[in-house]
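Trainee: I have a structure to go through and some questions about it. Could we take them one by one?

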Amino acid sequence: MFVPFGFMLPAASEKFRKPWRTYLAGFAFTLLIEMLQIVFKRGIFETDDLINNLLGTIIGYGLFSLIFAAVKRRFSGKILLLQIPLLLTVLSFALTFTAYYRKDLGNMIYENTSSHKMPVISVGEGVELSSEETTGNVYRMKIASVEETRLLAEKVFAAQGDTVDESRTDIYDETALYYSRENALSLSIDYKGMTVTYVDFDLKYPQDGSKFRNLAGAGEQRVREAVEKLGFTIPETAFFDADREGEYFFEAEEEVPGEHYCTGIVRCELSEQGEAAYLWYDIITGEPYKQLPVLSSREAYDILCSGEFYYEMGSVPNDAPLTVTGLELVYLADSKGFYQPAYRFTLDNGRGEE
């Protein structure tokens, strides 16, 4: 944001043709913004912002000096030195992205970025820690192409006796949105995992102005059949639940070593006729990719005690002793679409809160 600031300020006033004046103005302006965020409680005061905005100002001034020298035909070694911040920034970004894309697996959002001061952590009854290192599977989720999302939309609409309306198709960076030609059907498909959101607008929002009425009290089998009629399969091991207003839920997490791993949620609303009016199908299936060494549970516990883990802000007290009441190996998605094994601890603070 501050690259234009560093460019336009010396362009507008000769007083800022000296680099240090523009740099100082850029720092003062970004400091003012950060202070206003504190005063009006709109955002967070971050040192990163001060550094990055100052860097943007420096780069902007460097670009100005280059263009100004070209116009005046006054090139010197100083002009080249002023481009060093830009070159270093481009180089650092290039190295960062190159290193990332050369990695076999992606980054985990749950990787700790700082250590936390921890209280005493003990191991509760029934929780066993082992010093034996094991291996764990890594699974690769489906990343669909635009063509694959279109084929899925054609399949879903065909099951309703309809086709895709090409004139209303919207292709986005992460999602493809399709509408049917004859009926008021929509299908939003995420490329990552091919999860979908399906809406039958004629059922969900009746054109006669009447209120949509859910089919309450439908059993698990009837809901499964309604979902499968659209062409989606719910894992047999998925847990089924329903609320009083006629919304139905499935929650799945299943690993078949050497075959697949699936996880996710299905939410469905049925019309009084038992047809799916709304479907959120967020079941992601991963295929085996490779095996990796996994820390022993004892090593994971030691890391927990050292405070090097990820947690939701405010959920970990730093005074009362904690007790490990549960420990399991779960799978979490990384930034490249792989599911990697990770340890999940359940802690009790002695007050019945976990």
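Trainee: Is Cys268 buried or exposed?

Mentor: First, some ground rules: this is a predicted model, where local features need pLDDT of at least 70, side-chain atom pairs count only at pLDDT 80 or more, and totals for chains, interfaces and linings use all residues. Residues are numbered from 1 along each chain as its sequence is written, and side-chain values use heavy atoms, with hydrogens and water left out. Buried means under 20% relative accessible area, exposed over 50%, and partly exposed in between (1.4 Å probe, protein chains only). Cys268 has a relative accessible area of 1%, so Cys268 is buried.

Trainee: How many disulfides does the structure hold?

Mentor: A disulfide is a pair of cysteine sulfur atoms within 2.5 Å. The structure has none of these. Take Cys268: the nearest cysteine sulfur belongs to Cys262 and is 18 Å away. The count is zero.

Trainee: Which residues touch the most other members of the largest nonpolar core?

Mentor: A nonpolar core is a set of buried Ala, Val, Leu, Ile, Met, Phe, Trp, Tyr and Cys residues joined through side-chain atoms within 4.5 Å. The largest one has 35 residues. Those touching the most other members are Leu187, Val223, Phe232, Leu270 and Leu279.

Trainee: Which helices supply at least two residues each to this core?

Mentor: Helices (H or I, at least four residues) and strands (E, at least two) are DSSP runs, numbered from the N terminus. Strands 4, 5, 6, 8, 9 and 10 each supply at least two residues. The helices that do so are helix 6 (146–159) and helix 8 (220–229).

Trainee: How many residues are in the second, separate core?

Mentor: Its members include Val127, Leu304, Phe309 and Leu347. The number of residues is nine.

Trainee: Which residues does Gly286 contact, leaving aside neighbours within four places in sequence?

Mentor: Gly286 is found in strand 10. At 0% relative accessibility, Gly286 counts as buried. Contact means heavy atoms within 4.5 Å. By that rule the partners are Tyr139, Arg140, Met141, Glu259, His260 and Tyr261.

Trainee: Which side chain is joined to that of Gln340 by a polar contact?

Mentor: Gln340 sits in strand 12 (residues 338–348) and is buried, at 13% relative accessibility. A polar contact is a pair of N or O atoms within 3.5 Å; within protein, one must be able to donate a hydrogen and the other to accept it, and residues adjacent in sequence count only if both atoms are side-chain atoms. Here the distance is 2.8 Å, and the partner is Asp334.

Trainee: What backbone atom does the side chain of Ser130 reach?

Mentor: Ser130 is in the loop between strand 1 (121–123) and strand 2 (134–141). At 33% relative accessibility, Ser130 is partly exposed. Its side chain reaches, at 3.1 Å, the backbone nitrogen of Glu132.

Trainee: Why is the pair of Tyr100 and Tyr101 edge-to-face?

Mentor: A pair of aromatic rings is described by the distance of the centres and the angle of the planes. Rings of Phe, Tyr and Trp (its six-membered ring) pair if their centres lie within 6.5 Å; planes under 30 degrees apart count as stacked, over 60 as edge-to-face and the rest as tilted. The centres of Tyr100 and Tyr101 are 5.3 Å apart, and the pair is edge-to-face because the planes stand at 75 degrees.

Trainee: Which residue has its charged end over the ring of Tyr100?

Mentor: A charge sits over a ring if NZ of Lys or CZ of Arg is within 6 Å of the ring centre and within 35 degrees of the ring normal. Tyr100 is buried, at 18% relative accessible area. The charged end above its ring, 4.7 Å from the centre, belongs to Lys336.

Trainee: What is the phi of Arg73?

Mentor: Arg73 lies in the loop between helix 3 (47–72) and helix 4 (77–81). Arg73 is exposed, with a relative accessible area of 75%. Its phi is positive, in a residue other than glycine, and is near 60 degrees.

Trainee: Is Met194 buried or exposed?

Mentor: Met194 is in the loop between strand 5 and strand 6. Met194 also has a positive phi, about 55 degrees, although it is not a glycine. At 18% relative accessibility, Met194 counts as buried.
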